[in-house]
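Take it one piece at a time, with the view open beside the text.

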Amino acid sequence: MKKTEPISRKGGFGISLMPYSAWSLLFVIVPLIFVAYYAFTDDNFRFTTENITRFFTATSAVEGDNGTVSEVKTYVVIFMRSLKLAAISTVICLVMGYPLAYIMSRAKPRAQKMLVTLIMIPMWMNFLIRTYAWMTILQDTGIFNSILSCVGLGPARIIGTETAVVIGMVYDYFPYMVLPIYSIMTKMDVKLFEAARDLGCNSFGVLKRVIFPLSLPGVLSGINMVLIPSVSTFYISQKLGNGKFFLIGDAIEGQYIANNLHFAAAIAFILMVILLVFMGLIKYFAAKFVYGGE
Amino acid sequence: MHNYHLIEFKNVSKTFDTTEALSNINLYVDENEFLTLLGPSGCGKSTLLRIIAGFELPTEGQLLFEGQDLTVIPPYKRKVNTVFQKYALFPHLNVYDNIAFGMRIQKKTEKEIEYEVGRVLELVNLKGFDKRSVDSLSGGQQQRIAIARAIVNKPHVLLLDEPLAALDLKLRKDMQIELKNMQRELGVTFIYVTHDQEEALSMSDTIVVMNEGKIQQIGAPCDIYNEPKNAFVADFIGESNIIDGVMLENYKARFSGHTFQCLDKGFAEGEPVDVVVRPEDVDIVPVNNGMLSGNVTQVTFMGVHNEIIVDIGGFKWMIQTTDSVNVGERIGISLDPDAIHIMKKSEYSGMFGDYSSYSNELDELSDPGREE
């Protein structure tokens, strides 16, 4: 019998990948090299690690609530704040998104389509407009406070607080949490739930012993897709935080605008390395402990 | 002895939206019975099984279990376990944890679990497979694990939903014997769903033949085969020639232009009936000695026998014979009284039992396959 020729990698695949390869070389790989190059050079393009060390050592004076002034490591503090807000947003997205994804995946096909569309609609609107909309909603005389006042709870100060920044992040990145979890849940075999009930599980048991473990790869990818953009976001914090909560993305933007290209590149480079390590760790543990997490 | 059946269906009906899946089912199952629900795809057999498991609620009627009303008890509180058609093993758990699943919920000690898992793995001939992932197992092995996972919980009834449908022929035959032995060894009631009549005949104590949501016949395999109640059962179980006939008097039937002696009685004189003749019960004789005669239109070599189609007065008969005959040859046939089975006319009369459009290939193509 004649064996069929395997599709040659160099042939069919190679050609069809050409456009993307060219694109990624030009707009992903080359810029990354430039970022690294700028991060490790000074204004005269001589090698230096000064930009990197500056990130970890630069200090500034901060006035505390009681008037005392203390020295803090500027960028480390900014980075930790970014991480904190991103982590809070991710947890909120997960807590709200997981049950929603489950309900969607068990709904009738027509309801599923409608719910997916509803979740996607905000993504059709421009990111800036969405953020501006939140500004009007959350400001002291905005809709939110009007409602609070009406029911006798407000007004509350929200705009310019960390809460406002978190609300903005959750709103913007929520679909990225729901959709991967939803997608993995629709693929689950209903027979597995029946098997679990047959073997003695009540509804909570089915969730705990079957649905949750099988949905973990979706959860991990949702966490990746929310945490990483929220760590590096800058616009939301400026608009909803009134610029009081300088995040790492704001720092990069600020340095760039101030024409400190090398230091901006260094911050971006460090952020990238940290995120890469983080993603690597998630991948490693997923492959080791999560079914389907390779 | 108690005076109730292990499982009893009382006037159970089930309607999905507007289609009736089960209509007025009355059925009981006794302890240690191997009962098979047999029927084509969509006949309601799986729905019946799912009602016992608790995955579906009957629209009407009652399900009794050991004398207690079980109709609305949720699945996890029932003393039944299911072996699913495509096994439904948990892919995120290894073999050991799959089998231990039920016992962990019952909060058995790990020591007890270890002992029980070892015991059932031995029973299904998969000793030493504890740590394997279920994805790495063959279909037959997954099947055994699915059985082990169910029986380890010591159910009073084991429900099997076409468990062998996904296996190849040889493995299926082996597993049939194994399942039957396992049932005897465990002393557990098996309720087995299949569309494969051979499987049903070879394994069951009792067969329930179903079609269109109704029970057509309940009986032991040989009764179902030898004494089918209507044309549907006769056609579904094995091959049958079903001929229009008239009962002249007790033990005397007329069909195909000849009067035959038979063993059936109790019909009205001159009552129109369906006559069943199994292909293997027809004797081929020289034309002059035959009660009937006809031309051979098709001969198929089947290994053990030849399957031939004979045109007798425009009606095509199937005959299985070890004699060798040729297409175009004229042959006579002779029927002993016990080769003839008389059935009352039913809604299925005239729908089955004529081999004029017969082809092995077509039969295979229209196999109902697995039921969802």
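Start with a pair of helices in chain A. Helix α3 (residues 74-106) of chain A and helix α7 (residues 162-186) of chain A have axes that come within 6 Å and cross at roughly 40 degrees. Sorted by class, the contact of α3(A) with α7(A) has 21 nonpolar, four polar and one charged residues. Keep in mind that this is a predicted model.

Why start with an angle and a distance? Two packed helices are described by the angle between their axes and the distance between the axes. A second pair in chain A can be read in those terms. Helix α11 (residues 248-257) of chain A packs with helix α12 (residues 261-289) of chain A at an angle of about 160 degrees, and their axes are 7 Å apart. That makes α11(A) roughly antiparallel to α12(A), since the word applies to angles over 145 degrees. The crossing of α11(A) past α12(A) is left-handed.

Which residues meet there? From α11(A) come A:I248, A:A251, A:I252, A:Q255 and A:Y256. From α12(A) come A:L261, A:F263, A:A264, A:I267, A:A268 and A:L271. By class, this contact of α11(A) with α12(A) has 10 nonpolar, one polar and no charged residues.

Now step back to chain A as a whole. Chain A has 12 helices and two strands. Read from the N terminus, its elements run α-α-β-β-α-α-α-α-α-α-α-α-α-α. Along the principal axes, the C-alpha atoms of chain A fill a box of roughly 70 × 70 × 35 Å. Of its 294 residues, 28% count as buried. Consider also the contacts in chain A between residues at least 6 apart in sequence: 65% of these join residues at least 24 apart.

Next comes chain B, and its sheet. An open sheet of six strands in chain B has the order β6-β7-β8-β3-β9-β10, with mixed pairing. Which strands stand at the edges? They are β6 and β10 (214-219) of chain B. Each has a single partner strand, so one side of each is left without a neighbour in the sheet. From one strand to the next, the twist averages 20 degrees.

Strands of a sheet pair through backbone hydrogen bonds, either parallel or antiparallel. β6(B) and β7(B) run parallel and are joined by four bridges. Here B:N81 has B:L158 in β7(B) as its bridge partner. Strand β7 (residues 157-161) of chain B then pairs with β8(B) in the parallel sense, over five bridges. In that pairing, B:V157 has B:T189 as its bridge partner in β8(B). Strand β3 (residues 34-38) of chain B is also parallel to β8(B), and five bridges join the two. B:T36 stands opposite B:Y192 in β8(B).

Stay with β8(B) for a moment. Is this strand enclosed or open? Six of the six residues of strand β8 (residues 189-194) of chain B are buried, so the strand is largely enclosed by the rest of the structure. In a regular strand the side chains alternate between the two faces of the sheet. Both faces of β8(B) are covered. On one side B:T189, B:I191 and B:V193 are buried, and on the other B:F190, B:Y192 and B:T194 are buried too.

B:T47 lies in helix α1 (residues 45-53) of chain B. B:T47 counts as buried because it has 23 C-beta neighbours inside 10 Å, and the cut-off is 20 or more. Beyond its neighbours within four places in sequence, B:T47 is in contact with B:K14, B:A21, B:L22 and B:E56. B:T47 and B:L57 are 10 residues apart in sequence, and their C-alpha atoms are 9.6 Å apart in space.

Finally, look at where the chains touch. Here 17 residues of chain B are in contact with 16 residues of chain A. On the chain B side, the elements that give two or more residues are β6 (80-83) and α2 (95-105) of chain B. α2(B) gives the most, with three residues. By class, the side of chain B that touches chain A has 10 nonpolar, six polar and one charged residues.

How values were computed. Residues are numbered from 1 along each chain as its sequence is written. Chains are lettered from A and ligands numbered from 1 in the order in which they are written. This is a predicted model: local features need pLDDT of at least 70, side-chain atom pairs count only at pLDDT 80 or more; totals for chains, interfaces and linings use all residues. Axes are lines fitted to C-alpha atoms, for helices over the stretch in contact, and angles run from 0 to 180 degrees between N-to-C directions. Angles under 35 degrees count as roughly parallel, over 145 as roughly antiparallel, 65 to 115 as roughly perpendicular and the rest as oblique. A crossing is left-handed if the near helix is turned anticlockwise from the far one by less than a right angle, and right-handed if clockwise. Two residues are in contact if their C-beta atoms, placed from the backbone, lie within 7 Å. Ala, Val, Leu, Ile, Met, Phe, Trp, Tyr, Cys and Pro count as nonpolar, Asp, Glu, Lys and Arg as charged, and the others, Gly among them, as polar. A residue is buried if 20 or more other C-beta atoms lie within 10 Å of its own, exposed if 12 or fewer, and partly exposed in between; C-beta atoms are placed from the backbone. Two strands pair if DSSP finds at least two bridges between them.
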